[in-house]
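Welcome! Have a look at the sequence and the fold below, and then let's walk through the aromatic contacts and the core together.

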Amino acid sequence: MGMRKGSPFFVVLLGFGFFIATYNLVTMVIHNRNWNFPTQLVDRSTLALRSDPIVGMPNEFKKSGGPRRLFHVALTATDAPYSKWQCRIMYYWYKKMKDLEGSEMGGFTRVLHSGNPDNLMDEIPTFVVDPLPAGMDRGYIVLNRPWAFVQWLEKAKIEEDYILMGEPDHIFVNPLPNLSRGDYPAAFPFFYIKPSDNEKIIRKFYPEEKGPVTNVDPIGNSPVIIKKSQLQKIAPTWMNVSLKMKEDPETDKSFGWVLEMYAYAVASALHGVQHILHKDFMIQPPWDLKVGNSFIIHYTYGCDYSLKGELTYGKIGEWRFDKRSHLQGPPPRNLSLPPPGVPESVVRLVKMVNEATANIPGWDQAS
């Protein structure tokens with residue numbers, strides 16, 4: 001069910017060369033937005049009085065009730081084989097979980113930022129957007145993510161009032177309800193996102209007059225369930241902050257591959273948006289041992305074990321599953337299961353990958 005391509009809106013400035021005109025594609029999106037951000041929606045001192053100390057959910061929002069609040073599942077992707085096979089597995093499990101009891105999943109879109117349709121258009125609902133102008137990502141392809149969301153939000157018809165921002169290496173392991181409450185989006189707290197420990201850098205983009213640095217949540221943009229109206233405001237700022245962080249050598253060096261995650265956290269804080277932090281939103285094998293009541297398996301880390309079931313992280317194991325072993329094409333069907341003693345989370349991950357690959361038509365064909 002291929003969907004139409006979002007038309008680009010390049011602005012050609014008279015008297016300037018092609019490179020400057022192309023660069024202005026981004027500058028226009030950024031600077032036509034008002035940098036005078038709205039005042040914060042929530043005063044953190046007030047929020048603290050009403051918060052659950054475990055998940056940070058305001059008490060009055062703990063019971064949702066009412067009609068189902070559907071959210072649209074969206075992820076950004078490239079046309080590389082590595083991205084494609086992960087998207088196919090994610091979409092398979094989305095379809096399996098979507099209509100189960102407890103799910104509030106709505107539609108699904110792969111936001112493809114390669115600029116052209118690919119061979120998965122008929123398999124996965126896809127909206128094609130443009131990549132950043134050549135060289136602007138400075139070799140950090142993740143900078144295309146906020147730009148892709150800006151284009152998709154402006155040009156696509158999205159029926160749902162909420163959006164889940166996901167990633168290709170997410171597998172839905174339980175039916176996912178809408179975890180947001182009121183104007184509080186839901187997010188997963190990452191242990192390595194530490195705004196308070198990086199206050200000097202954060203203050204370059206989140207000035208003191210905006211409030212304490214603790215207003216910047218320890219999150220990335222994914223997984224996040226958020227009101228569409230909030231994300232429409234945050235996304236251009238997220239893009240702007242991402243580019244400015246990448247242009248700053250100190251910030252680029254300090255934040256490295258998680259720069260775009262910090263940029264989303266800062267952009268949200270600039271708009272006064274604070275998130276409910278859900279530790280059970282997802283698990284990350286091999287560090288999280290059990291699936292439990294979590295909703296997503298994020299398989300970003302390699303899983304290496306001896307045949308005795310002992311973790312050998314940092315050293316290639318006698319048994320291993322690592323998505324990076326399959327950069328050039330999909331993993332084979334029927335991967336070997338982990339040896340005895342390996343945590344349930346890893347066993348479940350491999351079984352779910354195997355189920356998906358066994359049932360997706362044409363899996364072994366070249367991507």
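## A ring to start with

Is Tyr192 buried or exposed? Tyr192 is buried: its relative accessible area is 19%, and the cut-off for buried is under 20%. Please keep in mind that this is a predicted model.

## The chain as a whole

The protein chain has 9 helices and 12 strands. Of its 367 residues, 57% count as buried. If you look at contacts between residues at least 6 apart in sequence, 73% of them join residues at least 24 apart.

The accessible surface of the chain comes to about 16,500 Å², and 56% of that belongs to carbon and sulfur atoms.

## Aromatic pairs

A search of the whole structure finds 18 aromatic pairs. One of them joins Tyr91 and Phe108, with ring centres 4.9 Å apart and planes at 55°, so this pair is tilted. Tyr91 belongs to helix α3 (residues 81-98) and Phe108 to strand β2 (residues 105-112), so the pair ties together parts that are 17 residues apart in sequence. Both partners are buried: Tyr91 has a relative accessible area of 8%, and Phe108 has 6%.

Now back to Tyr192, whose ring pairs with that of Trp257: the centres are 5.5 Å apart and the planes lie at 45°, so this pair is tilted too. Tyr192 lies in the loop between β6 (186-187) and α5 (199-202), while Trp257 lies in the loop between α7 (249-255) and α8 (259-270), so the pair ties together parts that are 65 residues apart in sequence.

## A cluster and a charge over a ring

Tyr192 and Trp257 are also members of one aromatic cluster, together with Phe188, Phe190 and Phe191.

Which ring does the charged end of Arg69 sit over? It is the ring of Tyr162, and the charged end of Arg69 is 5.3 Å from the centre of that ring.

## The nonpolar core

The largest nonpolar core has 102 residues, and the ones with the most contacts inside it are Trp152, Phe172 and Leu176. Helix α8 supplies the largest share of this core, with 10 residues.

What does Trp152 touch, leaving aside residues up to four places away in sequence? Its contacts include the nonpolar residues Ala74, Val111, Phe127, Val129, Ile158 and Ile163, and Trp152 also touches His72 and Thr109.

Key: Residues are numbered from 1 along each chain as its sequence is written. This is a predicted model: local features need pLDDT of at least 70, side-chain atom pairs count only at pLDDT 80 or more; totals for chains, interfaces and linings use all residues. Side-chain values use heavy atoms; hydrogens and water are left out. Helices (H or I, at least four residues) and strands (E, at least two) are DSSP runs, numbered from the N terminus. Buried means under 20% relative accessible area, exposed over 50%, partly exposed in between (1.4 Å probe, protein chains only). Contact means heavy atoms within 4.5 Å. Accessible areas come from the Shrake-Rupley method with a 1.4 Å probe; for residues, only the protein chains shown count as cover. Rings of Phe, Tyr and Trp (its six-membered ring) pair if their centres lie within 6.5 Å; planes under 30 degrees apart count as stacked, over 60 as edge-to-face and the rest as tilted. A charge sits over a ring if NZ of Lys or CZ of Arg is within 6 Å of the ring centre and within 35 degrees of the ring normal. A nonpolar core is a set of buried Ala, Val, Leu, Ile, Met, Phe, Trp, Tyr and Cys residues joined through side-chain atoms within 4.5 Å.
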